[in-house]
Amino acid sequence: MSTNPKAVMDAVRTSGRHEPLLEVRDLKKWFPIKKGLLGKVVGHVKAVDGVSFALGRGETLGLVGESGCGKTTVGRTILRLIDPTAGHVQFDGKSVFDLDSSHMRALREDMQIIFQDPYSSLNPRMTVAAIVGEALLVHGIVKTKAEARDRVAELLERVGLSPKYVNRYPHEFSGGQRQRIGIARALAMHPKFIVCDEAVSALDVSIQAQILNILMDLQEDESLGRPSYLFIAHDLSVVRHISRRIAVMYLGQIVELSMTEELFDQPSHPYTRALLSAIPRPDPDDKPQRILLEGDVPTPINPPSGCHFHTRCPEVMPRCSQEEPPAFLVSGTHAVQCWLYDGKAPVSETGMTVGFEV
Ligand SMILES: Nc1ncnc2c1ncn2[C@@H]1O[C@H](COP(=O)(O)OP(=O)(O)O)[C@@H](O)[C@H]1O
Ligand code: SF4
Ligand SMILES: [Mg+2]
C-alpha cells in the first residue's frame, strides 16, 4: 500500500470501502473579546486554530493536550453546540455546518456527547427513566412511557447498573454510577458518534478503568451500531487504553497525530515527548528523563508567531519563531507539525488525517 496518505485516502474513497464517518478540515473557533458599552470587538481567543482530522466508523481517536488547548471547543464545534468561525465538517455524507435547524435536529440523534461532570449534566429533578428515556420518546422511537421504561432498564443493564434503579434520582448515585447513566443516555438513540469530553477525568482511577471498559465493550456491540468516539482527555495514559489513534493538541492546533502504539514508541513532537516523560511508570529503570517545559502556556489571544510551541520548546531553532511548520509524515500513519522533520514528505492538503484508513 502507498504510504502517501492522500493517495491512500483517494483510493479508499473511490472504492467506497473506508469512507470516514467524520472529516474535520481546517476547523477554527475564535471567540471574540468585547469591550465597552457598545461591545466593540478588540481581539479574539483563538481556541481552535486550524484543526483537521478524520475518524473512521467504529474507531476511537484520542484528543489530548493541557487544559485550555481547545479540546472541548473542537468537540462542541463539531456537534454545532457552538458556531464555527471557519472550516468544514463532513459527517456521514453531510456537510454539518450547512444544515438547517430541522436537518441538524435529525443529525443530533447520531451525534452525542458525554460530559466530564455527569452530575451537572443530569437534571436533578428527573428520574433515571426520564433522563435516559427522554430522547426515545421525543424522537418517537418508543410510543409509551412503559415502553421507554423497558428500554431504559435494558440500557442500564448494558452499562452495569441494576434496572431497578429506573425510578431513582441522580443524587442517589455515586460519581461512577452517574457517569454510567450519562453513557446510557448517550447510547439510547444508537448514535454513530459520541464525543467523550473528559468522561472519566473526574473519577477515581479504579472507576476510570471500569468506565473505559464499558465504553470499549459497547463500541464492539453490533446491536448498538458500533459508535465512533472522539475521546478527549488531558492525560495521555487515559487515552492510550481506549484509542486506536491519538491526536496531540497545543494552543488550538493538532501538533502530532499517530497510531497509538507508534506515538508511545516514537513520540516525535517535542511537546508530545514532554507530555510522555511526565507519565509515571511502574518500572523506575525504564523512566525517560523528565522533560520540564519552561514557562507557562501562552494565551491563545496572541499565540506566539511561527511554531506556537517555540516559547517553550527545548529544541527550538531560529526559524521556529519566524515560520509556522507544516505537518510532515514520519511514517504512513504518523504526522507531526514541527521543523525538526523538514525534508520528510509534507502531509497533503487534507491535513492531519493520517491513519484512519489503515
Ligand atoms: N465561550 C468562550 N468564550 C471565550 N473563550 C472561551 C470560551 N470557551 C472556551 N474559551 C477559551 O478557549 C480556550 C480553549 O478552551 P477549551 O476548549 O475549553 O480547552 P480544553 O477543553 O482543552 O481545556 C481557552 O483559552 C478558553 O479560555
Ligand atoms: S517547530 Fe521548532 S519550536 Fe516548534 S516544536 Fe519543532 S523544534 Fe520546537
Ligand atoms: Mg475541556
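A residue is called buried if 20 or more other C-beta atoms lie within 10 Å of its own, exposed if 12 or fewer do, and partly exposed in between, with C-beta atoms placed from the backbone. The structure is a predicted model, in which local features need pLDDT of at least 70 and side-chain atom pairs count only at pLDDT 80 or more, while totals for chains, interfaces and linings use all residues. Residues are numbered from 1 along each chain as its sequence is written, and chains are lettered from A and ligands numbered from 1 in the order in which they are written.

Helices (H or I, at least four residues) and strands (E, at least two) are DSSP runs, numbered from the N terminus. In strand β3 (residues 60–64), 5 of the 5 residues are buried, so the strand is largely enclosed by the rest of the structure. Thr60, Gly62 and Val64 point one way from β3, and Leu61 and Leu63 point the other way. In a regular strand the side chains alternate between the two faces of the sheet.

Two strands pair if DSSP finds at least two bridges between them. β3 runs parallel to β8, to which 5 bridges join it, and it also pairs in the parallel sense with strand β9 (residues 245–250), over 4 bridges. Leu61 stands opposite Leu230 in β8, and its bridge partner in β9 is Arg245.

Strand β1 (residues 22–35) pairs in the antiparallel sense with strand β2 (residues 40–55) over 12 bridges; Ile33 has Gly43 of β2 as its bridge partner. The hairpin of β1 and β2 has 4 residues between the strands, and Gly36 there takes a positive phi near 80 degrees. β1 also pairs with strand β4 (residues 86–91), again in the antiparallel sense, over 5 bridges. Arg25 has His88 of β4 as its bridge partner.

The domain assignment, which is automatic or taken from a database, gives domain 1 (1–110 + 227–358) and domain 2 (120–190 + 193–226). Their C-alpha centres lie 29 Å apart. In all, 22 residues of domain 1 are in contact (C-beta atoms, placed from the backbone, within 7 Å) with 18 residues of domain 2. On the side of domain 1 that touches domain 2, α2 (71–78), β8 (228–233) and α9 (236–242) each supply at least two residues; the largest share, 6 residues, comes from β8.

Ligand 1 is surrounded by residues including Phe31, Val45, Lys71 and Pro300, where a residue is near a molecule if its C-beta atom, placed from the backbone, lies within 6 Å of it. β2 and α2 are the elements that give two or more residues to this shell, and α2 gives the largest share, 3 residues.

How values were computed:
Two residues are in contact if their C-beta atoms, placed from the backbone, lie within 7 Å.
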